[in-house]
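Biologist: I would like a close look at one part of this protein. Please take the salt bridges, and then follow the helices and cores around them.

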Amino acid sequence: MSPSAQEAATIEEHDPLALAFRRTRDHSLIICQTLELEDFGLQRAEFVSPPKWHLAHTTWFFETFLLKPFLDGYRTPEPRYEEMFNSYYNGVGSQYPRHARGLLSRPTLQEVRRYRELVDAGMSKLLAQSAHPERATIEERCRLGIQHEMQHQELFFTDLKYSLSINPLAPAPWALPTGGNEIPATSMAWSAFDGGLKEIGFDGHGFSFDNELPRHRHFLPPFALANRLVTNGEFREFVEDGGYTNPRWWLADGWATVQEEGWEAPLYWQREGDSFLEYTLYGLLPLDDAQPVCHVSGYEADAYACWSGARLPTEQEWEVAVRAESSAFIDAGHNLYHPQPTGHAAVLQQLFGDCWQWTSSAYGPYPGFRTAAGAIGEYNGKFMSNQWVLRGGSCVTSRGHVRPSYRNFFYPRDRWQFSGIRLAHSVPDN
């Protein structure tokens, strides 16, 4: 029998993990409240997923890795969900074709919500079993599941935006808050950091994914990072200077991608006369020169850095700089689903609450990395090939999901994420 709402509330009072679980699960439903029914099945491309699938897959994760192995008497409402909502876990079994997730009109949204309710009730019951012989594993997997759902909450926004953007009506799922941040961009300045042997990786406080481990030492020459992100206005100068038509600035693969895809500006920019409009989750708006440029690929970020006479930071430089700044978390998110200008000129700004920041580092294992056993081990390790690391966090990243050691990763041609540019340059070692 499932615990009542009162019993669940009592459990949460004494169990921070149970409370974090409920709040995370509730948030996935809250961010869907402005959607229309027709929005829940949208899938423009293979690399994005419909909102309904995100709701089901995150539920599948808790069912597959916690309820089925650890909760006596648990029964799934539909055995075929194991295949339908499996993303990439080969150790679990086969997966429904990724490109066809938008064709899953059934189960209905209502049935997916009931699936969530059933699994949530099962999780409340499981987390109430403090003397469970596998309690340590249950807690570890629950924390992973919470972070996993936060990842999909971010993907909910990025995937939905990509799918809505091709609609001629330029839908605006959210209303732009009044009295917005009309802040002019500050002048770009540089913060210098000493080189030397530095500690890199998860420091042991709180949660981490396996790819943030083990903590290790890395030698860095002296370097400097820009105090803020590159703005729309600055990137527009690159566009107007023929940046997308000059192979001089581009890596070979990047230039081939520009030619293949016909890129002329960042994703969601639309030229109107001598200026640009930008599609946002608030609809089509005039391009704000002071806002950070976002939805650029790693190739575009690298080309801009080359054009500007700078470079992209390495992931180690980014992490060392963030840990050195005592104010690193003062900008950890805001209430807008779009990156905003910064009104601060000193220290490093826009580290966590605006755009993921491309680095020049290939996504690979840290020295001594070991993949966990079983399907859980497929979470990060098997993707350590041909991708680049991004650091920080975006305007749609949950605040509880960011930390200096977090390693996000995408292919350098990807640009549907809220990804931006922070510049770096080397400093002579005196």
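Modeller: What follows starts with the charged pairs and moves on to the helices and the nonpolar cores. The model is predicted.

Start with the count. The structure holds 23 salt bridges. One of them joins Arg413 to Glu261, with the closest N and O atoms 2.7 Å apart. Arg413 sits in the loop between β10 (408-410) and β11 (419-420), and Glu261 belongs to helix α8 (residues 252-261), so this pair ties together parts that are 152 residues apart in sequence. Neither name is in the buried class here. Arg413 is partly exposed, at a relative accessible area of 33%. Glu261 is partly exposed too, at 41%.

The loop between β10 and β11 also supplies Arg415, which pairs with a residue of helix α9 (residues 298-308), Glu300. Their closest N and O atoms are 2.8 Å apart.

The buried set is Gly298, Tyr299, Glu300, Ala301, Asp302, Ala303, Tyr304 and Ala305.

Arg311 forms a salt bridge with Glu317, and the closest N and O atoms are 2.9 Å apart. Arg311 is partly exposed, with a relative accessible area of 23%. Glu317 has 4% relative accessibility and counts as buried.

Glu317 is one of the buried residues of α10. Eight of the 10 residues of helix α10 (residues 315-324) are buried, so α10 is largely enclosed by the rest of the structure. Besides Glu317, the buried residues are Glu315, Gln316, Trp318, Glu319, Val320, Ala321 and Val322. Two of these names, Glu315 and Glu319, return in a network of salt bridges, where they are linked with Asp203, Arg323, Arg391 and Arg407.

Turn to the nonpolar side. The largest nonpolar core has 94 residues. Phe85, Met123, Cys142, Phe235 and Ile421 have the most contacts inside it. Take Cys142. Leaving out residues up to four places away in sequence, Cys142 touches Leu17, Phe21, Phe62, Leu66, Met123 and Leu127. There is also a second, separate core of 15 residues, which includes Phe193, Ile200, Leu351 and Tyr366.

The axes of α2 (residues 16-30) and α5 (residues 109-127) come within 10 Å and cross at roughly 175°. That angle makes α2 roughly antiparallel to α5. On the α2 side, the contact is made by Leu17, Ala18, Phe21, Arg25, Ser28 and Leu29. On the α5 side, it is made by Arg113, Arg116, Asp120, Met123 and Leu127. The residues of this contact divide into six nonpolar, one polar and four charged.

Phe85, named above for its contacts in the core, is also touched by Trp53. Trp53 lies in helix α3 (residues 51-70). At 3% relative accessibility, Trp53 counts as buried. What else does Trp53 touch? Not counting residues up to four places away in sequence, its contacts also include Met84, Asn86, Ser87, Arg101, Leu104 and His152. For a sense of scale, the C-alpha atoms of Trp53 and His338 are separated by 24 Å, and the two residues are 285 apart along the chain.

Is Gln147 buried or exposed? Gln147 counts as buried, with 7% relative accessibility. Gln147 lies in helix α6 (residues 135-164). Beyond residues up to four places away in sequence, Gln147 touches Phe207, Phe209, Gly400, His401 and Arg403.

Conventions: Residues numbered from 1 in each chain as written. Predicted model: local features only at pLDDT ≥ 70, side-chain atom pairs only at ≥ 80, totals over all residues. Heavy atoms only, no water. Salt bridge = Lys/Arg side-chain N within 4 Å of Asp/Glu carboxyl O. Helix = DSSP H or I, 4+ residues; strand = E, 2+ residues; numbered from the N terminus. Buried < 20%, exposed > 50% of the residue type's maximum accessible area, 1.4 Å probe, protein only. Core = buried A, V, L, I, M, F, W, Y, C linked by side-chain atoms within 4.5 Å. Contact = heavy atoms within 4.5 Å. Axes fitted to C-alpha atoms, helices over the stretch in contact; angles between N-to-C directions. Parallel < 35°, antiparallel > 145°, perpendicular 65-115°, else oblique. Nonpolar A, V, L, I, M, F, W, Y, C, P; charged D, E, K, R; others polar.
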